[in-house]
Amino acid sequence: MSETAISIRNITQRYGAADESGAVLALDDVSLDIKKGEFLCLLGPSGCGKSTLLNIVGGLFKPTSGTCMVNGRLVDGEPHPDKVAFVFQESTLFPWYTVIENFRIALKFQGIPQAEWDDRAMRALKAVGMASFASHYPEQLSVGMRQRVNMARGICVETDILLMDEPFAALDEQTRMVLGEDLSQLLAATGKTIVFVTHSLAEAVFLSDRIVVMSARPGRIKTIIDVNEPHPRSPDFMLEPRFSELRNECYALLRDEIRATMAAQRDPQPQSAGA
Amino acid sequence: MSDLASPQNSPALAASPGVFARALRKPLWLRVALLAGVVALLEFYGRLYADPAFMSPPSLIVKAFFDKIAPQPKILEALWFCVAQIAAAYALSVVFGILIGLLIGASGFSRSAFLPIILLLYAIPQVSLLPLVILMFGLGPAAKIAFGFSHGIFPIIMNVVAGMRDVKELHLRAARSMGASRMDTIRHVILPHAVPSLFTGLRLGMTLTLLGVILAELYVSTGGIGYFTRVFAESYDPAPLFALTGCLAIIAVIFNELVRIAQNHLTPGKRRPPTLKNSVKE
């Protein structure tokens, strides 16, 4: 378990040139090691660069400076679909393809031989209980069903690492709790390394082994909180006092950051350095 | 017509939905009733009040079709010619419109470079150029096809470009994260995304192609439909004139319907599996 899957070293991400007035420093010298098989949440106010960090790990963005190694290989702005899979919001399913076609296209893009497509797709769909909807179009499913399919699509490519970028953001709270439970069950079995971006405190505490709390722009790691609770987690965990304590701890850490973000979005105060 | 429409709102009928009442609730009936009412009014007005040199009741128009249009091989030939010209102009618009649209929409750079030119050309009221087009292409079908083509191609180009442009960033990012190449992305993400917009363009293009061809037909009055309309108009014989116009309208409706049917069959995501339309909610 202690083997490092993802190693982030001194990552800085700047949008626009440093001397430009509109330049934004999204990430400032972030370093982080993520262990193999770990479920790690990036939690922070919106605009703190948590999605940026995830995209850098996934090779979708090239960082301004710093390095990121995934399984010992340098990621430098090029995706590694054989090692890393992304799950975004449910609307990432291609609406012009049926559920099964969405899986086939993902496997095709990843370079998996055609003979394996349907087998793998059906296995992943069965794992989330959506096998009987294989020939439906995404828009014929409810939002919650779509997100289950979307998660299964991320799982079917069978990578060691799964990056999830606010996958439940568009769901209502009840659905997102139930899907969170499903996710916890599902992933405990696979032993994948997961990096999960969220701004939901409860979700972060319920799902993660470690929570990385980030500061408002420029994004830095403020604290890392350990959640010592074995997977898979039952919904009862949410009723334990420790759950609320952790949740409150996260909130206390975040509150100042959220205030800082909101201040930066208002009219500039005389002394503040708002973007 | 209001007699037919009003029972829809009557609570007595709404409370006991018999077969008749349910049929009445379909909007189709209101539409048919409105059209029937307008035809009846025209008939009434045409027979009792109108000057027969300028207006004809619908019944006489239908009669004129069978007496003066259908038996005339020259007029039928002109109509067929018109159909062929529309088909040719539209085929050219579709092929070149899609090709040019794909080229312009392929990158943000080419879009910024070329789209303003297209918008500028599209903004020109082309009717003002019709005499010039006829001067260039002569009085035959070439001018009509060219004029139909110059009308039909622009909405197709613009909608192909628009469809390729508003592809979702999230879809592009997802495809890239799965390892899709540039060609994969174009084929499986950008093009399927552009299909609904393409069909909007194809339908608009059809409407404008019809407009272009028929405008040119009417303008060139030495032959074809334009000639016959002038003959009927100048001899104060409105019934066959309206009948001929009606034929053009029917041709236009058929062409538009063909495109609409093609759209319904070819838009991905519209080919639904037949079951479980409403029963799939959790």
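**Packing within and between the chains**

A: Chain B is divided into domain 1 (2-49) and domain 2 (66-266), with bounds taken from an automatic or database domain assignment. The C-alpha centres of these two domains of chain B lie 36 Å apart. The model is a predicted one, in which local features need pLDDT of at least 70 and side-chain atom pairs count only at pLDDT 80 or more, whereas totals for chains, interfaces and linings use all residues. Residues are numbered from 1 along each chain as its sequence is written, and chains are lettered from A and ligands numbered from 1 in the order in which they are written.

In chain B, the axes of helix 5 (residues 58-69) and helix 13 (residues 238-266) come within 8 Å and cross at roughly 85°. Helices here are DSSP runs of H or I with at least four residues, strands are runs of E with at least two, and both are numbered from the N terminus. Axes are lines fitted to C-alpha atoms, for helices over the stretch in contact, and angles run from 0 to 180 degrees between N-to-C directions. Helix 5 and helix 13 of chain B are therefore roughly perpendicular to each other; angles of 65 to 115 degrees carry that description, those under 35 count as roughly parallel, those over 145 as roughly antiparallel, and the rest as oblique.

Helix 5 of chain B contributes Leu60(B), Ile61(B), Ala64(B), Phe65(B), Lys68(B) and Ile69(B) to this meeting. From helix 13 of chain B come Ala239(B), Pro240(B), Phe242(B), Ala243(B), Leu244(B), Gly246(B) and Cys247(B). Contact requires C-beta atoms, placed from the backbone, to lie within 7 Å. By class, the residues joining helix 5 to helix 13 of chain B comprise 11 nonpolar, one polar and one charged. Ala, Val, Leu, Ile, Met, Phe, Trp, Tyr, Cys and Pro count as nonpolar, Asp, Glu, Lys and Arg as charged, and the others, Gly among them, as polar.

Chain B also meets chain A: 26 residues of chain A are in contact with 21 residues of chain B. On the chain A side, helix 2 (99-110) and helix 4 (143-156) are the elements that give two or more residues. Helix 2 of chain A supplies the largest share, four residues. That side of chain A holds 14 nonpolar, 11 polar and one charged residues.

Terms used. Contact = placed C-beta atoms within 7 Å.
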